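Please read the points below with the structure open. They take the contact between the chains before the ligand site.

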Amino acid sequence: MAQRIDVKDLNIYYSDFRAVADIEMAVEPRSVTAFIGPSGCGKSTFLRTLNRMHEVIPGAHVQGTVAMDGVDLYGADVDPVAVRRQVGMVFQRPNPFPTMSIADNVLAGVRLNNKRISKGDAQDMVEQSLKGANLWNEVKDRLDRPGSGLSGGQQQRLCIARAIAVKPQVLLMDEPCSALDPISTLAIEDLIAELKSEYTIVIVTHNMQQAARVSDRTAFFNLAGTGQPGRLIEIDDTATIFSAPREQATEDYISGRFG
Amino acid sequence: MSTTQSPPAPGPAATSSLEPAGPRRRRRGARSSDRGASRAFRWLATGAGALILILLVAVAVFLVIKAWPAISMPSDELVEKVGLLRNSSSLLDYVGPLIFGTVLAATLALIFAVPVAIGIALFTSHYAPRRLASTLGYVIDLLAAVPSVVYGLWGALVLSPIVQPVWAWLNENVGWFPLFAGKVSPTARVLLTVAIVLAVMILPIITAVSREVFLQTPRLHEEAALALGATRWEMIRMAVLPFGRSGVISAAMLGLGRALGETMAVLMILSPGFLYSFHILEAGQQQSIAANIAAQFPEADPLGVSTLIATGLALFAITLVVNVAARAIVARRKDFSGAN
Ligand SMILES: Nc1ncnc2c1ncn2[C@@H]1O[C@H](COP(=O)(O)OP(=O)(O)OP(=O)(O)O)[C@@H](O)[C@H]1O
Ligand SMILES: [Mg+2]
């Protein structure tokens, strides 16, 4: 199920602008890796290269390799659509499809892979995924209501349910809690802790405590100045990063002495 | 479009609480003039809205008053006095086939135009490279600027001879299908040709509105679909089309309105008739209300004019009904429209 990711010599561009430079990183399977760093250092940009969502932006491209269990995602014969079916993504702002019911939202990705699922299977899958996202009890009586009628936190968990319904190998989350209240945030953090037994999870967060709470490993990104590309400063076990980082920049950022 | 979402702009209220107390008074002054401007704007907007309603009512009243002599007169008397009704038993009997012909032509035009318009709109909004898309959009907009007389000429002189063999073939080979039955016209001055010309005429407006709506699809929803592993077409089906649905319906209604009321093109192409006939390949079967008015008006006496205006009233009513129906369709799945 879960797979490891090896990133080598990765440079990421928006047209001519190099947004992220020379990333080397390994992401372990069945673990949570957190990306932290100041705004604009390229965390989202890098995250989006892990499922080839980066290239949907006109002019955006990458150099280097991102290998999942040894297979380069950017190989010539790799279909980006296939990559995205294996690497799920949860966005900063909850984005359930407003024209679909809650149940249809959960099944949206499943239906892409498999047009004909029996009604019973579909119901099972909806229940399983919503339970997996800790949302089942709140919505089980209104599965045919529009997904946009839920609260922000519920919508975000619906998006997680939608992402895990297709049983991806990897789950990417870009600041999944930044639009949520503390209670919903805790609900999602608990969820992440449960999901990591099955998935490889990468999460971008601006919240140090959150990174410390949910992640096994933490990567710190930084940029030297505006117009400069963002770089990976260091990646290590979360405990090490937060207690004894190797780099001074990391320590400054974590302790709030940044800039 | 009422369905488009835009992130709430941070208004002055969001920043004013952070301001120091000093410039408070000046600020309040600015506020009240803001409020004055906003009130003026509200009146302006309300006025414009009211004006439209007043115009609508005025048109309806005008039609009813002018049509009243014909409507209120007993049928036998009317039939006797008005030459137009020489083959009809009453006013209703006269206007019925006209309504039928009008609706049939417009419906066919809509059936031809909508899929093509959606296709072009999607191509320009989501497939074509930017340069090509804007050229194509420009050409489509040009089509809207062609006067309907020109379409009429084109339909009668160019299109009819070209499609005639096709219509003959359809009649011969698919003649069991009710629409293609009957005696095929040797000149192709028939309703199907009219419907095609009407489709071309309403294509630009439907395309332009649909394209704008498709371009408004929130990036967030498109990316949600792509991140699930949707191909571009699947993304369009999951995110773009549902989002644009009500806008496309509105666009189609705009087009339908134009097709229902189109006069010149029908007048110049169609060989008219007054039957409830589905034979769209046969000459002398149907006629549209607007074309009939234009054709008969010059020679009508006052009561004849009143009769024609009564048919115009029917056209007005059809257009209203069509629009109300479209609203109802749009509203039916409001919860799921993404407007909340
Ligand atoms: N669509 C885009 N086109 C061009 N440049 C972009 C685009 N998106 C991001 N960038 C640039 O790439 C750099 C990295 O942006 P990115 O969004 O990855 O930062 P981030 O670390 O996620 O920041 P934040 O913490 O604020 O989300 C920035 O300089 C940004 O201006
Ligand atoms: Mg970001």
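1. In this predicted model, a salt bridge joins the side chains of A:Arg48 and B:Glu223, with an N to O distance of 2.9 Å. The count for chain A and chain B is two salt bridges. Four residue pairs are in polar contact across the interface, both residues of each pair being at pLDDT 80 or more.

2. On the side of chain A that touches chain B, helix H2 (80-86), strand S6 (87-90) and helix H3 (102-113) each give two or more residues. That side divides into 14 nonpolar, six polar and eight charged residues.

3. Chain A brings 28 residues to the contact and chain B brings 23 residues. About 2,200 Å² is buried between the two chains, and carbon and sulfur atoms give 63% of this area. Of the area that chain A buries against chain B, 26% comes from A:Phe97, A:Thr99 and A:Leu112, more than from any other three residues.

4. Ligand 1 is surrounded by 13 residues, the closest being A:Ser39, A:Lys43, A:Ser44, A:Thr45 and A:His206. By class, this shell holds five nonpolar, six polar and two charged residues. Strand S2 (17-27) and helix H1 (43-49) of chain A each supply at least two of the shell residues; H1(A) has the largest share, with three residues.

5. For the side chain of A:Lys43 the corresponding distance is 2.8 Å, and for a polar backbone atom of A:Cys41 it is 3.3 Å. Taken alone, ligand 1 exposes 640 Å², of which the protein buries 63%.

Key:
Residues are numbered from 1 along each chain as its sequence is written. Chains are lettered from A and ligands numbered from 1 in the order in which they are written. This is a predicted model: local features need pLDDT of at least 70, side-chain atom pairs count only at pLDDT 80 or more; totals for chains, interfaces and linings use all residues. Side-chain values use heavy atoms; hydrogens and water are left out. A residue is near a molecule or strand if one of its heavy atoms lies within 4 Å of it. A polar contact is a pair of N or O atoms within 3.5 Å; within protein, one must be able to donate a hydrogen and the other to accept it, and residues adjacent in sequence count only if both atoms are side-chain atoms. Accessible areas come from the Shrake-Rupley method with a 1.4 Å probe; for residues, only the protein chains shown count as cover. Helices (H or I, at least four residues) and strands (E, at least two) are DSSP runs, numbered from the N terminus. Ala, Val, Leu, Ile, Met, Phe, Trp, Tyr, Cys and Pro count as nonpolar, Asp, Glu, Lys and Arg as charged, and the others, Gly among them, as polar. Contact means heavy atoms within 4.5 Å. Buried area is the accessible area (1.4 Å probe) that two parts lose on being put together, summed over both. A salt bridge is a side-chain nitrogen of Lys or Arg within 4 Å of a carboxyl oxygen of Asp or Glu.
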